[in-house]
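This report describes a structure shown below, taking confidence, an annotated region and a sheet in turn.

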Amino acid sequence: MSSSVEAITVLSSDGDEFKITVSAAKLSKPLNWMLEDVCFSDDCDEVPTIEVNSKTLVKVIEYCEKHAPRANSGASDSDAEELKKWDIEFMKMDVKDILFHILMAANYLHMEGLYDLACQTAADLMKGMTVSQIRKIFHIKNDFSSEEQEQLRRQHPGCSFD
Amino acid sequence: METRSIKRRRIAELLVNDDVVETTIDRLSDLPDALLHQIFLLLPIKTVAQTSVLSKRWRSLWITYPDLDFTTLDSSLVSAVNHLEPRLLTAWQSRIISQVLSIREKNTYIRVLRFRATISFSLLNSLIRNAIRQNVRQLEVEVGTKDYFNFPRCVIGSESLRVLKLKSRYPGFRLPPVSITKDGFKSLQTLSLSLVILYDQPFISDLFSDSSFPSLKKLCLRACVGLKSLHVGCLALEDLRLKNCFHMQSLDVSCAKLERLRVVDCFNSYSEKSWVRINAPKLQHCIWDYNRVTDVTIIEHSKFLREASIGFFILPKEFSMGKLLSVHNLLSGLSEAHSLTLESQSVEILSNNKFFSMHLRPFCNLKSLELHAVLKKSNVHGLACVFRSCPTLHSLILRIINDYKTERKQWNRDLWDVANTEEEQFWESQIQTLKLFLQHLKVVKIYGFLECEDEVTLAKFLLNHAKALEEMILCGGRFNSRDYLRRQKIRSQMKGFSRASSNAKLAFH
């Protein structure tokens, strides 16, 4: 790869093309390996595919571009503070629909920061919620039979922690 | 083929519009176990347990969840009063732990089991036995019991256990005899014991040796009551911490791989023949603090030593020649350090005994020195003695202890006053012997700087003579309004002191 290349093009699993700057791509180990292995110069036909759908990949790239300057150079405390606020805003989007995809993508792309952020977001959505609220938020279907449910209620310590 | 701008617009629309199909599908449950367990780690165990009634999938996640941290049950109380020791679970609450352990999926392992509880010894034993049966790797237990408390022997034979932290709130526990521990603890890497009652077995000579604890890397013993003599010789040990072992009279450490040693608040008994022998050729960090000076100290050099901190707990007038030699040996043994902290009692010892002005071994690698000292006349000699022994020092941090007992004389002189005080004369007389020190010193930070005579004199001396000085920072804390004008005046006067280094910056904080 020539050092003059500043951005690379990748395909999402839906077949859409995306541009991502080299410094942002470095946040992900697999992408970094790709940078080293695959030819990314302009005359190269091959565009690598990333097994992440377009909707998610937009978010992932947005995250990478925001975090890349800090990851590459190190930053002051005020920057870190600002970035933390940005992270919170970033995760405020219609997160419940896309959170699953972001978790999977961060896991697949080995992006520790995004992975931790997504896990924390999921945990925060569960914290302090009742069982029925959690079911509603994440659309979890109760598949216990009524006998099983009765049995759980009787023996399960989870509900008697107080 | 779509143009790029169209594509961009389409992607933007994707983000705005809710995907209707997507929203009604439960995607979270499809995530792999490990990933969901990762999310569980961020939740208090009560919430995790509650998720077990969501669906069959979540129930199976719960009964295979490997990180059982029951200390999160009382976290709300801890944060409210965090200066207190965390609350123990009551006996009633502790029954939850055994219930949780009993419903777990067969053939799963426990990565962590952590709890703080007031329980009977028999319940404790059965909990631990159950956890061991489920191949627990990390066991952290803090217990108060109303009956007796022995070391739970079932852990000895465990081949899965990597970390064992056992803390007794009351009444303390005893250790099993060596005949039983021998060939045990095959995989144990970290052992931390707190409040161990050893009146019956005050001499531990072959417990922490090659044959027991073959994999032990980290050993932490706190409040070993009655322990008089300790020998540690584990082959793999890298980190050793001893704290509050008041009755200790002899300590013998011989570990080829030891990198960190921390001994705090030990040797407090009034025995006559206390001794320490440390043979740790790989030692990198050593903290020796608030211990009484032992009668004999033998410490082998470690050329890997980076950081050392030395402080003592001394009673007035207890110094014999033997004890002086003992302090001397300790300092010499640590003379390869790159960074050194001397607590106030160490500075006192160095100042009050002429012996050291002759015999203190130079710290040839020392780049960073931190001193905690009461600035009084006698200690100035101690400081000079230490400076002399630091020929290549870069950075000096001095924390002045301003206690009400020490009378501090204000700096009260005019800039054009040429007559030197006794103290100034003393420092000036040291220029020759401090030549190397003054050639290398780059950074000086003085905390507790109240513009009193001693510290202004010292700062002036360093400004006048330190040739490589780049920065002097004087931190004085808050002014009270009465002092404000006087201190401002002294500060502006100090800015006018001549400087041996043209690059030297002087700052007040």
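The term pLDDT denotes the predictor's confidence in each residue, on a scale from 0 to 100. For chain A its mean is 79, with 80% of the residues reaching 70 or more. This is a predicted model, in which local features need pLDDT of at least 70 and side-chain atom pairs count only at pLDDT 80 or more, while totals for chains, interfaces and linings use all residues. Residues are numbered from 1 along each chain as its sequence is written, chains are lettered from A in the order in which they are written, and side-chain values use heavy atoms, without hydrogens and water.

Helices (DSSP runs of H or I, at least four residues) and strands (runs of E, at least two) are numbered from the N terminus.

| Element of chain A | Residues | Mean pLDDT |
|---|---|---|
| helix α2 | 29–37 | 77 (lowest) |
| helix α6 | 112–126 | 90 (highest) |

Over residues 158–162 of chain A, pLDDT stays under 50, and the model has eleven contacts (heavy atoms within 4.5 Å) for them beyond four places in sequence.

In chain B, UniProt, in an unreviewed entry, places the feature "domain: F-box" at residues 25–73; its positions follow the numbering used here, feature names are shortened, and annotations may be inferred rather than shown by experiment. Over residues 25–73 chain B is 47% helix and 6% strand, and the end C-alpha atoms lie 32 Å apart.

Chain B also holds an open sheet of five strands, ordered β6-β8-β10-β12-β14 with parallel pairing, where two strands pair if DSSP finds at least two bridges between them. Its edge strands, β6 (203–208) and β14 (296–299) of chain B, each pair on one side only. Three bridges join β6(B) in the parallel sense to strand β8 (residues 229–232) of chain B, and Phe208(B) has Val232(B) in β8(B) as its bridge partner.
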